[in-house]
Amino acid sequence: MSGNREQFGSKLGFILAAAGSAVGIGNLVGFPVGAAKNGGGAFLVMYAIFVFFICLPVMIAEMTVGRAGQKDPLGAYSDLSNKSGLWRIAGWLSIITPFMIAVFYLVITVWIFGYLVESVMGNLDVLADPSTFGTFINSNSLFLYMALVLLIVYLILQGGVKEGIEKAAKVLMPALFVMLVALVIFVLTRDNAIEGVKYYLIPDFSKINASVINGALSQAFFSLSLGMGIMITYGSYINKKANLPEASKLVALTDTAVAFTAGLMILPAIFSFNPEVDPNELSESSVSMIFSYLPQIFLELQSSLGYVGASFIASVFFLLVFFAAITSLVSIFEVPVASLMCEKEVSRKKALVVCGILLVVFSVMCALSFGFVDFFTSFVSYADQNKSFFDLVYDVFYDTILPLNGLLICLFVVYRWKKLAFNEELEQGAEDYKGSWLEKYVTFSLGTFIPSILFIIFINTVLQKYFGFALIG
Ligand code: PHE
């Protein structure tokens, strides 16, 4: 299979696809609210340091392993380690993790799609009712929306790397940028918007503590789509002429710029559309922010723009979030699909159908976890807490295994594949990388403090999540 492996058609296409993966719900909603509540400008600076000094080397490592392996994550780990059993486990984790994250990310994307359809159909007033979300996520129409989202993902992935993933990114990403900028301009020109900008940006160092630091690093790591096998898989679709350090920098920069810009939309919108806002009541979770809080905020626009105007703005917002979510979903689902194609030598269509059926089964179990079916709603209990099936998937794969996968890739490139081979691969297409300070920094950090930090996060999460006590915060 590796002989005629599919390829991205252009460097820009590759960067847009990788950025499309990175830019997601986390950027548009999670980051702005997290930043505003946890120290504003102080959080921003810390986040940017984490992105460039900790996450960027990991992204470079993932893309390089992918390009050297020219295979799926399991194949790459296996080949580059001479089929070591231990590293094959890391390979397996890089396939199962994205699959399981796709399961819960699909559910959230389906909700967004549902809200998009409802606001386009003129039901913003219904969405703004606080009880709607609870009813919506337990309604039968959810399954119709799920079928439609799956159809879109299927149609994109069926086109393959160049005609599917790359083409979709080339349309969706520019559209996303335009909508984001248009919304920012609209919001910033409304009364009182400056209060939101102040709340977002004025640094408050007293808010920075160990748990905020931990949260910022996890957010950066998730936001760049690391630990999910995605960058390994996308890296396997580029040729030796591509400059990987350059591409990684651009992806990290785009992702951070979008997250920062989204803050200039969300916070000023909240403060301007509803001047009586109490910042302390801003919800921490992206989910309640998108589905309960923001629809109410959009409805406030009614007094100045009329109901149709308010619905239009809400629809553009949901379309923006939907585009961001769909490019992320496509990237994460491509990992198990590509792995099945490569490992079992089956066609893309067959791999899509098999993975798609599994995805539907698990996602339906997740979707039924919110009160629909008791068995899934109170699925397990640990650290004295009842957890639904959705919570379990989220805790295990997103919170726990993601940093572990990051740790494994660092150890892999430096101690198993070895620095020399890693750098040799990386220098292809990047002549100026050889001997640069970046090269020294990347190899040093990947072998020392980055895996140490990820190890501490992993242990802390395990203790906190499953045993109820924590080293940090
Ligand atoms: N980077 C995405 C975000 O910020 C996260 C993600 C990527 C989730 C890929 C799923 C798949 O939301």
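Residues are numbered from 1 along each chain as its sequence is written, and side-chain values rest on heavy atoms, with hydrogens and water left out. As the model is predicted, local features need pLDDT of at least 70 and side-chain atom pairs count only at pLDDT 80 or more, whereas totals for chains, interfaces and linings use all residues.

Two packed helices are described by the angle between their axes and the distance between the axes. Helices here are DSSP runs (H or I, at least four residues), numbered from the N terminus. Helix α3 (residues 41–69) and helix α18 (residues 389–416) have axes that come within 10 Å and cross at roughly 65° (axes being lines fitted to C-alpha atoms over the stretch in contact, with angles from 0 to 180 degrees between N-to-C directions). Helix α3 is therefore roughly perpendicular to α18 (65 to 115 degrees; angles under 35 degrees count as roughly parallel, over 145 as roughly antiparallel and the rest as oblique). The crossing of α3 and α18 is left-handed (the near helix is turned anticlockwise from the far one by less than a right angle; clockwise is right-handed). V58, A61, E62 and V65 of α3 make the contact with I409, C410, F412 and V413 of α18 (contact meaning heavy atoms within 4.5 Å). The contact of α3 with α18 comprises 7 nonpolar, no polar and 1 charged residues (Ala, Val, Leu, Ile, Met, Phe, Trp, Tyr, Cys and Pro count as nonpolar, Asp, Glu, Lys and Arg as charged, and the others, Gly among them, as polar).

The axes of α1 and helix α13 (residues 244–273) come within 9 Å and cross at roughly 40°; α1 is therefore oblique to α13. The crossing of α1 and α13 is right-handed. In α1, residues F14, I15, A18, A19 and A22 meet A247, L250, V251, T254 and D255 of α13. This contact of α1 with α13 has 8 nonpolar, 1 polar and 1 charged residues.

On a 1 Å grid over the protein atoms alone, a pocket is an open set of points with protein on both sides within 12 Å along at least five of seven lines, a cavity is a set where a 1.4 Å probe fits but cannot get out, and lining residues have an atom within 4 Å of a point. Grid points are joined across faces, edges and corners, and a volume is the space filled by probe spheres set on the points.

The largest pocket holds about 1400 Å³ of space. Its lining comprises 41 residues, with G215, Q219, Y394, Y398 and D399 nearest the centre. Helix α11 (210–223) is among the elements that each supply at least two lining residues, and α11 gives the most, with 9 residues. By class, the lining of the largest pocket divides into 20 nonpolar, 15 polar and 6 charged residues.

About 300 Å³ of space lies in the second largest pocket. Of the 13 residues that line the second largest pocket, W92, I95, P336, S339 and L340 lie nearest its centre. Two or more residues each come from α5, α15 (302–344) and α16 (348–367), and α15 gives the largest share, 5 residues. The lining of the second largest pocket has 10 nonpolar, 1 polar and 2 charged residues.

The whole structure contains 4 cavities of 30 Å³ or more.
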